[in-house]
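Let me put the structure up, and then I'll talk you through a couple of things I picked out.

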Amino acid sequence: MVERLVRLIESDGCARDGTTVNMVDHLGDLGGLDGAYAVAWEETDGSLHLARDPVGARSLYWGRANDGRVLYSTRLIDLLRAGAGHSRELDSGGLLAFLTTAYVPGERTLVRGVSAVPPGVELIFDRDGRGPLRRPFALMPASPSIYESEARLRERLRCTLEQTVERLLPHGPDGPDGAVAASLSGGIDSSLVVALAARRRPVHTLSITFGPEHRDEVEFSALVARHCGATHEVVVVRPEDILTRFDATVGALSEPNGDPLTVPNDLLFEAAARSGHRVVLNGEGGDPCFGGPKNAPLLLSELYGDPDEPFAGERAYLRSHQKLWDDLDHLLEPGLIGEAERLSLLSIVTPGLCDPRWPSFLDRLMAMNVAWKGAGHILPKVEHLAAKNGVLARSPLFDWALVRLAFELPPELKRSGSIEKYLLKEAIRDTLPERIIERPKSGMMVPVEAWFQGPLRAFARERLLDGLAHRPGFRRPYLEALLDKRLTGLRPRRGVKIWLLLTLESWLRQVYDSPS
Amino acid sequence: MKCSRCEHEAKYAERRGGTCPKCQGKFAFEPRTGDPFTDVQWQNALDWVSSDGAVRFTLSQLHHALAHRRSLSTSSRVALFWPLVVGQVPPLLLFLATESAALGAWASALSLGLVLLFRALTKPSFGLKWSREDFEKEQKKWVNAHGKPPMLIVPKKGPARPAPTKLADELTSYSFDRAVFCDRPETVDFLLANDFHFENNCAVLTADGYPPHAFPTVRKMLTQNPRLEVFVLHDATPLGCTLASRLRESPGWFGGSVVTVTDVGLRPVHAMKAPSSCWDEPDYADAQSGLSKKDRDFLGKHRMELAALRPEQLIKRLFRAMSSAKSDSSTGADPTTGSTGGTDFGPDGDDSFGADAESSDGGADSFG
């Protein structure tokens with residue numbers, strides 16, 4: 001029985017039937033809710049409870065003040081400003097994870113003594129602040145051993161998709177002419193959300209381009225918008241936008257996120273807010289939940305790998321992020337991150353790759369992707385950047401109801417032969433042009449390589465050579481080789497690495513150099 | 001001689017014990033006693049073949065790199081040094097006899113021109129001149145002094161353990177976008193060691209069952225994608241040059257299917273441009289193989305291995321062939337046009353690869 005609610009931090013939660021709920025009535029039964037929320041409450045015995053929705057659509061961090069009190073916040077930076085964390089010491093394991101993946105997965109953060117509340121788990125501190133005890137309230141379902149027919153599963157998926165999109169539409173008119181805003185890349189995931197929303201409400205779609213000199217997907221997003229009768233807005237992202245917004249975007253993200261799409265996402269949310277929208281739908285979640293293309297290299301790695309080689313699968317999972325794992329020895333002085341830290345990071349991957357709840361390797365990978373990339377990277381990114389612009393991001397394909405269903409689908413219907421997201425495509429085939437359904441995944445490529453050789457070169461050099469290179473543990477010769485295009489290798493991936501390190505430098509400046 | 005570890009210039013007297021007087025590191029070679037390389041030259045070859053430590057390479061690739069350097073230095077000494085020296089004798093005599101500097105200079109220039117003309121008109125000789133046995137003797141000396149080169153691919157002793165049955169059964173439901181067929185296991189090992197499969201969603205195998213631990217599963221997976229793109233990477237040999245057509249026609253592989261098979265291997269036309277990278281070895285090229293008479297004649301006497309190409313160049317060329325096939329199919333071009341081989345190989349070809357910039361761009365993880 002809850003007597004005293006201390007703080008309802010963020011709530012976009014709802015009951016299974018889609019009705020909006022008063023979270024206070026459901027604190028003892030969070031597992032029965034869908035939607036996105038972060039809550040903290042105190043019970044009559046003085047214990048403090050912290051919880052986050054099962055997918056991690058809302059963030060929640062906790063740490064201790066010098067006197068041992070538990071502090072919590074949705075933003076890591078705010079928590080540090082309130083005095084949490086052990087002298088704001090950088091956590092070397094968190095730093096290693098960030099350099100390897102561009103985010104910090106799991107409960108660890110970049111600051112020692114500050115942790116993320118894990119999704120779907122209630123943390124309980126007693127009245128003296130001891131703890132936390134952990135009480136999982138929503139576990140990802142394991143694959144059923146008996147499958148329904150493909151046709152029935154397709155029907156079930158379609159029905160859940162329709163209900164989820166319906167439930168996540170804003171109540172009442174939102175933008176001009178009652179239209180709901182949706183980001184649209186032209187890929188299958190954002191397109192299907194737009195198509196299903198357009199059957200219920202007028203839709204205003206927003207896409208991104210980087211100017212005519214760079215490749216984009218505007219051709220496809222325009223096709224979908226036309227097909228769905230949506231009004232379509234294309235937001236142009238220029239290098240000068242990066243210069244003027246980079247620090248503010250990193251600051252808004254709370255924890256650093258090294259994805260080059262952060263600033264483009266920020267501009268897109270700003271455009272939605274400017275048009276008077278409060279809610280922006282997106283297609284995040286299709287890849288992690290329904291068998292996206294990033295699983296393919298790991299399947300091949302399992303196939304060709306030697307089962308006797310220690311940590312081969314774990315190493316492949318980390319390397320599949322295509323960030324700085326292979327460059328660590330060149331980037332860092334030997335003392336900064338030791339072999340023990342690397343083994344520790346590899347060991348964090350092991351339970352996910354071996355989780356006995358899922359007999360299928362693909363399902364185990366997907367469960368890891370939902371927990372790591374979803375809760376640690378994609379969802380916090382859209383959450384915080386939307387909040388920066390005063391709008392609410394909603395991700396139907398990452399909704400708990402759809403995630404649950406995704407894990408009940410047999411793996412061969414997620415990836416069939418070489419077709420990615422097979423059942424998802426089949427479930428919405430009638431709603432989109434064939435060209436959209438059949439096109440291979442290409443992703444939104446931010447032209448960071450060209451930018452850092454051209455208009456953003458001086459910015460990158462100033463930040464990395466005058467900034468990061470002077471911080472303890474970072475090697476200047478590597479940074480110079482990276483900036484001067486002297487990195488060797490088959491795929492140096494200079495652009496994404498520079499972006500990731502610029503993000504780190506900006507975050508360190510904001511948190512450590514000017515903490516006020 | 002310079003020490004490859006500390007760069008100290010050690011005089012012969014200082015290094016008689018076979019160690020560097022400054023860093024005490026052991027020298028692998030001593031040119032004064034007949035070794036064909038210095039330690040620095042060997043290290044330079046290792047840096048070149050591994051692209052400064054970024055690419056893994058096979059022993060054959062190192063052998064080729066060193067043999068090529070050895071033949072270059074030998075041939076340039078023989079072909080240029082002596083003719084030049086001998087060619088300058090008559091102008092010198094003319095100068096001494098006439099005491100005319102202008103006449104001497106004119107005769108010297110004429111002599112130099114004749115030497116260069118002779119070089120241009122003389123056909124380069126075929127065949128690498130440094131045997132594998134001799135190379136391996138020198139390689140052992142290097143390993144004794146410096147240890148195994150870090151990027152050298154060492155084939156495992158005995159086959160790897162196959163994936164557990166449960167996993168293998170699951171994998172057979174899936175497939176990949178592309179497959180690279182090689183004509184020899186060494187090329188498969190080279191591509192796998194450099195994560196080519198991982199980077200390109202691509203199977204890598206030989207048609208006759210390599211690698212054995214993965215082959216049965218890979219073969220089943222190949223059948224799951226009717227739109228599979230197949231690339232064939234091979235040496236310039238009679239068997240290699242006919243592998244693509246055999247795969248295309250064999251009912252056991254892709255005969256009767258719509259799968260595209262693109263030959264991106266070495267052919268006689270490539271080998272003819274790089275005679276000093278070829279081996280002189282008789283082989284039999286069947287008249288029914290589909291090869292032209294000119295190619296059969298060439299392959300009957302010479303062969304060129306993929307190992308003659310710089311490893312980085314070989315992989316990037318394959319990347320590029322795949323990118324170009326992808327763009328051909330996305331623009332609706334006829335996919336069969338690549339079947340005769342669209343990749344222009346050459347050991348000294350340029351190293352700029354257009355596909356690289358694209359792979360460096362970022363953000364594909366998100367934005368729905």
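So, how much area is buried between chain A and chain B? Keep in mind that this is a predicted model. The answer is about 4,800 Å², with carbon and sulfur atoms giving 56% of that. On chain A's part of that, L303(A), Y304(A) and L490(A) are the ones to look at: they supply 19% of the area chain A buries against chain B, more than any other three residues. If you'd rather think in contacts, 66 residues of chain A touch 56 residues of chain B.

Now the polar side of things. Between chain A and chain B we get 4 salt bridges. One to zoom in on pairs the side chains of E438(A) and R227(B), at 4.0 Å from N to O.

Sorted by class, chain A's side comes out as 29 nonpolar, 18 polar and 19 charged residues.

Okay, leaving the interface topic, let's turn to a strand in chain B. β2(B), residues 202-206, is mostly covered, with 5 of its 5 residues buried. C202(B), V204(B) and T206(B) point one way, A203(B) and L205(B) the other, and all of them are buried. Its partner here is β1(B), residues 178-182: the two run parallel and are joined by 5 bridges. To find the pairing on screen, look for R178(B), which sits opposite C202(B).

Technical notes:
Residues are numbered from 1 along each chain as its sequence is written. Chains are lettered from A and ligands numbered from 1 in the order in which they are written. This is a predicted model: local features need pLDDT of at least 70, side-chain atom pairs count only at pLDDT 80 or more; totals for chains, interfaces and linings use all residues. Side-chain values use heavy atoms; hydrogens and water are left out. Buried means under 20% relative accessible area, exposed over 50%, partly exposed in between (1.4 Å probe, protein chains only). Helices (H or I, at least four residues) and strands (E, at least two) are DSSP runs, numbered from the N terminus. Two strands pair if DSSP finds at least two bridges between them. Contact means heavy atoms within 4.5 Å. Buried area is the accessible area (1.4 Å probe) that two parts lose on being put together, summed over both. Ala, Val, Leu, Ile, Met, Phe, Trp, Tyr, Cys and Pro count as nonpolar, Asp, Glu, Lys and Arg as charged, and the others, Gly among them, as polar.
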